[in-house]
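Here's a quick briefing to read with the structure open beside you. Have a look at the fold before you go on to the notes.

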Amino acid sequence: MNVAGVELNAAEAAPQLLGTVVAVQANYYQVRLDTAHLLFAEPETLEVTELLCTRRARLKKIGQQVMVGDRVQIEEPDWAGGRGAIAQVLTRTSELSRPPISNVDQILLVFALAEPTLDPHQLSRFLVKAESTGIDVVLCLNKRDLLTPAEQEQWCDRLNQWGYAPILISVYQEDGLTELQQRLSQKITVVAGPSGVGKSSLINHLIPTLDLRVGRVSGKLGRGRHTTRHVELFELPTGGLLADTPGFNQPEVDSAPEDLAYCFPEARQRLASANCQFSDCLHRDEPNCAVRGDWERYEDYLNSLDEAVARYTAIARLKDAESTTKVKSGEEGQVQYEPKLETKRYRRVSRRVQQQNLKELYKDMDSGLVEPD
Ligand SMILES: Nc1nc2c(ncn2[C@@H]2O[C@H](COP(=O)(O)OP(=O)(O)OP(=O)(O)O)[C@@H](O)[C@H]2O)c(=O)[nH]1
Ligand SMILES: [Zn+2]
C-alpha cells in the first residue's frame, strides 16, 4: 500500500533510522533495526538492535496500518529506554492476509518424504495454495534419511516434472541444511506445511535460541502455536527473517477459476509458449486449449477448478441473493436463500460440491473470516 502524501525525507542531512516490524502486540510494534543505524555512531546506539515503537498519530489519521514485515522509518529513538515512534511505512512489495505479513519474499513449503507418507495430492494442494499468493515458493522435503537414494531421486524427477526443484534435507542427519540456509539468507520467509513433517525441528535447527516444542501432539482442542493468531518474524543467525504460519496449514483453494492455471508451473509454462483459442479458456474441454494435456497434475488442476468454480458461484449467488433480498433469516437465525440458476460459464459444478462450499462459506462468514461485501 502506498502512503499517500508522505514523502521520504531523503534530503535531510541526518541518516534515516529504518527497520522491520517483527512483532505486533496491541498498539506496540517491535522493530528490528537495520544495521545501518550504527552509522549514527552514538556509543549508546551500538548495543541496541530492536526498539519497541508506537505509531505516530499522523499515521493513524490517514488510516495507515502497520503489520509484521513492514519496513518502517523511526523517529525520536530513546536508545536508553529502547523506545521509538514509527513515522512512516515504506511501500510494501507484497501482503499476505493469512498470516498477516508484508514484504514476504518466499514461502518455504516443508513436507516429509516419509512418516507421514508423502501424499502427492496433499502436496499439490499446498503448492497451489502457496502459488496462489503470487509469492515465490521454495519446496523442501525433510526426512531424506528414511528413503533410499533411488527413492529420493524418483521424487526429485517427479517434482521436476511439476516444475519444482525440491531441496532434500534431513534435520536428523543435518543433511542439505547449508543449501537451505543459503536460500533463506537475507530474505523474509514464511514456513508452511502439514503437521509432523519436521517444521519445528527444522526451525529449531536454523534458530537454536528459539526452542520450539518438537513432536508435540495437538490435543483435542488443537491448542498450540498453530492455533494462536500471534505472528512473529525471527531472525536467522545467517541473516534474514523467518515466520512460522498459524493458519496456513489447512489449505483451501481460493483462487478465482480463471487464475487457477497460473498456480501450476506446468500450465504456466504451456501458456508462456502458446495461447488457447479463447482468452477466457478454463482449460477443461474448450477447443484448441494450450494447457490441457498429458501432464501428471492435470487431473488435480481439474479438481481444484471444480472447487474454485463452486466457490465463486456460491459467492456470486450470495451477492445476487443479497441484492434481490432473497436472503431471509430462518427460524434459528440460519440464513436461507432460494437457489438461482448457475451462471452459464461455470455450469459444470455438481450441486453437492456447491452446497458443501456454501456451507463452508457460511462457516467462514460466521467466524468473521469472510466479509459479506
Ligand atoms: N526420520 C526423521 N525424523 C524427523 C526429522 N526431522 C524431524 N523428525 C521427527 O518428526 C516428528 C515431527 O517433528 P516436528 O518438528 O514436531 O514436526 P512439525 O512439522 O513441527 O509438526 P507440528 O508441530 O505438528 O506442525 C518428530 O518426531 C521429529 O523428531 C528427520 O530429519 N528425520
Ligand atoms: Zn486453455
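Predicted model: local features only at pLDDT ≥ 70, side-chain atom pairs only at ≥ 80, totals over all residues.

**The nonpolar core**
- The largest nonpolar core has 72 residues, and Val21, Leu109, Cys140 and Val190 are the ones that touch the most other members.
- Helix 7 (residues 298-323) supplies the largest share of this core, with eight residues.
- Leaving aside residues up to four places away in sequence, Val21 touches Tyr29, Gln30 and Val31, and also Val66, Met67, Val68, Gly69, Asp70 and Val72.

**Around ligand 1**
- Ligand 1 is surrounded by 17 residues, the closest being Ser195, Gly198, Lys199, Ser200 and Ser201.
- Helix 5 (residues 199-206) gives the most to this shell, with three residues.
- Sorted by type, the shell has eight polar, five nonpolar and four charged residues.

**Helix 2**
- Helix 2 runs over residues 120-131, and at 1.5 Å a residue its 12 residues should span 16 Å; the end C-alpha atoms are 16 Å apart, so the two agree.
- Nine of those 12 residues are buried, which means helix 2 is largely enclosed by the rest of the structure.
- The buried residues are Leu123, Ser124, Arg125, Phe126, Leu127, Val128, Lys129, Ala130 and Glu131.
- So what do the buried residues of helix 2 pack against? Their partners are strand 8 (106-112), strand 9 (136-142), strand 11 (188-192) and helix 7.

Conventions
Residues numbered from 1 in each chain as written. Chains lettered and ligands numbered in written order. Core = buried A, V, L, I, M, F, W, Y, C linked by C-beta atoms within 7 Å. Buried ≥ 20, exposed ≤ 12 C-beta atoms within 10 Å, placed from the backbone. Helix = DSSP H or I, 4+ residues; strand = E, 2+ residues; numbered from the N terminus. Contact = placed C-beta atoms within 7 Å. Near = placed C-beta within 6 Å. Nonpolar A, V, L, I, M, F, W, Y, C, P; charged D, E, K, R; others polar. Expected span 1.5 Å × (residues − 1).
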